[in-house]
Amino acid sequence: MTTADPMGSPRKIIHIDADSFYASVEIREKPELKNLPVAVGGSPDHRGVVATCNYVARGYGVHSAMASARAVQLCPDLIFLRPNFPLYKAVSSQMHAIFRQYTSIIQPLSLDEAYLDVTGSLARQGSATLIAEAIRREIQAQLGITVSAGIAPNKFLAKVASDWNKPDGSFTIAPAQVAAFVKTLPVTRINGVGKVTAAKMKQLGILTCGDLQRFSEADLVAQFGSWGPTLFRYARGADDRPVQTSRERKSLSVERTFDRDLHDTTAILKRTDEIFRALLERFEPIRDRYGVTKRFVKVKCFDFTQTTLEEMLPASDARWQDLERYHQLVLTAVKRHNKPIRLLGLGVRVVPLSGGPREIQYDLFETISDTDA
Ligand code: DCP
Ligand code: MG
């Protein structure tokens, strides 16, 4: 269910994001590593990549998606751990069990990140801030890891807010504070504004959402294409996207942005295989409830030109799990531009298997993505 408050009063959205998730879970298992620099990922001598690292390692400049070999250069004492995905999945389900004590309207974005709509929750006198604090305390006490929380009237602001006092912090943007908050909010805080967009905005004299407000919607469309109307609303702190529970899921996708652009077919296919495995893993929890109607791929080149290709499937069944078809789609998409690749994404369009009111027409290409740009 989504929340459309009949009185028109603001929604209460919480965004939760665990701190250095994989690393925190590993350190919980091995507390003696707590104050040492720790990374989870592939080993430095096998062209591995850092999945994440604790905040001690971040102090040396190590970060997600960095080549492990580079990470060791920056931090010679870095301790590398192999990932243990089943354990991270288990901790993620335990986090969700805690969320469900407060609301059933939960939209997972990845294992460690979710939106919660607590507009109708009666717990903690209906205070979203107190609910978020309770969730943070319970996760720390029961699961031994810390999470950060953002509390706001919509998803856009809640996500910005969860990053505000990270790690182990929370931040509330009350409805009355929204206008003042966005005035000075740097555009780089907007999810999706990366280096290239930020540079373009800077050239236009746009550093903050306040600056962005001076542009009309038409101007923004002229400058930023189909993203213009969204930017126009975000600049004003507005976002009416509902928190979508998995019951309403339309697609599932996994994207990866690479530390270094991929140049050759072997590297591209190797990364495709990794993303394919991640996609299978994300599909697993919903496989009994959803059928797949299409597979799609997204390829973004170093210069941000992008191609999306999709392929209809004859029946909503399990046969979508065909790595060869994904290879074909990726290679076809890559050939369109024939340039170095900065991002690859694989996904599926899904429909609920049982009948009912939710079987509606689905928009194309609305993806719930797992971007790590
Ligand atoms: N992850 C990954 N590869 C990436 C980015 C993330 O494998 N390029 C994995 C490891 C992370 C987990 O996903 O632990 C969650 O991603 P986040 O972006 O939330 O990063 P963290 O939780 O590690 O750190 P934080 O949220 O504190 O910045
Ligand atoms: Mg996180």
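Some housekeeping. This is a predicted model, so local features need pLDDT of at least 70 and side-chain atom pairs count only at pLDDT 80 or more, while totals for chains, interfaces and linings use all residues. Residues are numbered from 1 along each chain as its sequence is written, chains are lettered from A and ligands numbered from 1 in the order in which they are written, and side-chain values use heavy atoms, with hydrogens and water left out.

When I say helix or strand, I mean DSSP runs numbered from the N terminus: helices are H or I with at least four residues, strands are E with at least two. Two strands pair if DSSP finds at least two bridges between them.

So, strands. Have a look at strand 7, residues 147-152. How many of its six residues are buried? Six of the six, so to speak: the strand is mostly covered. On one side you have V147, A149 and I151, on the other S148, G150 and A152, and all of those are buried. Strand 7 pairs with strand 1, residues 13-18, in the antiparallel sense over six bridges. I14 has I151 as its bridge partner there. Strand 7 also pairs with strand 8, residues 170-172, this time in the parallel sense over three bridges. In that pairing, G150 stands opposite F171.

Next up is strand 5, residues 106-110. Strand 5 is mostly covered too, with four of its five residues buried. Strand 5 and strand 6, residues 113-117, run antiparallel and are joined by four bridges. The link from one to the other is a hairpin of two residues. P108 has A114 in strand 6 as its bridge partner.

On to charges. A salt bridge here is a side-chain nitrogen of Lys or Arg within 4 Å of a carboxyl oxygen of Asp or Glu. Searching the whole structure gives 17 salt bridges. I picked a few.

One is E133 with R136, at 3.2 Å from N to O. They sit three residues apart in helix 5, residues 128-143, which means about one helical turn separates them. R136 is buried, with a relative accessible area of 12%.

Another is D303 with K339, where the closest N and O atoms are 2.6 Å apart. D303 lies in the loop between strand 10 (290-301) and strand 11 (306-312), and K339 in the loop between helix 13 (323-337) and strand 12 (341-352), so this pair ties together parts that are 36 residues apart in sequence. Both count as partly exposed: D303 at 34% relative accessibility and K339 at 26%.

And here's E311 again, in a salt bridge with R325, the closest N and O atoms being 2.4 Å apart. E311 lies in strand 11 and R325 in helix 13, so they tie together parts 14 residues apart in sequence. R325 is partly exposed, at 31%. There's also a network: D17, D19 and K166 are joined by salt bridges that share partners.

Most residues other than glycine have a negative phi, and most peptide bonds are trans. Which kind of peptide bond runs from K166 to P167? That bond is cis, with omega near -5°. P167 is in the loop between helix 6 (155-164) and strand 8.

Then there's Q125, not a glycine, with a positive phi of about 55°. Q125 sits in the loop between strand 6 and helix 5. Is Q125 buried or exposed? At 73% relative accessibility, Q125 counts as exposed. F304 has a positive phi as well, near 75°. You'll find F304 in the loop between strand 10 and strand 11, and at 30% relative accessibility it counts as partly exposed.

One more pair to look at: K200 and Q223 are 23 residues apart along the chain, and their C-alpha atoms are separated by 9.0 Å. K200 is in helix 8, residues 195-203, and is partly exposed at 35% relative accessibility.

That's my tour, thanks!

Conventions. Buried < 20%, exposed > 50% of the residue type's maximum accessible area, 1.4 Å probe, protein only.
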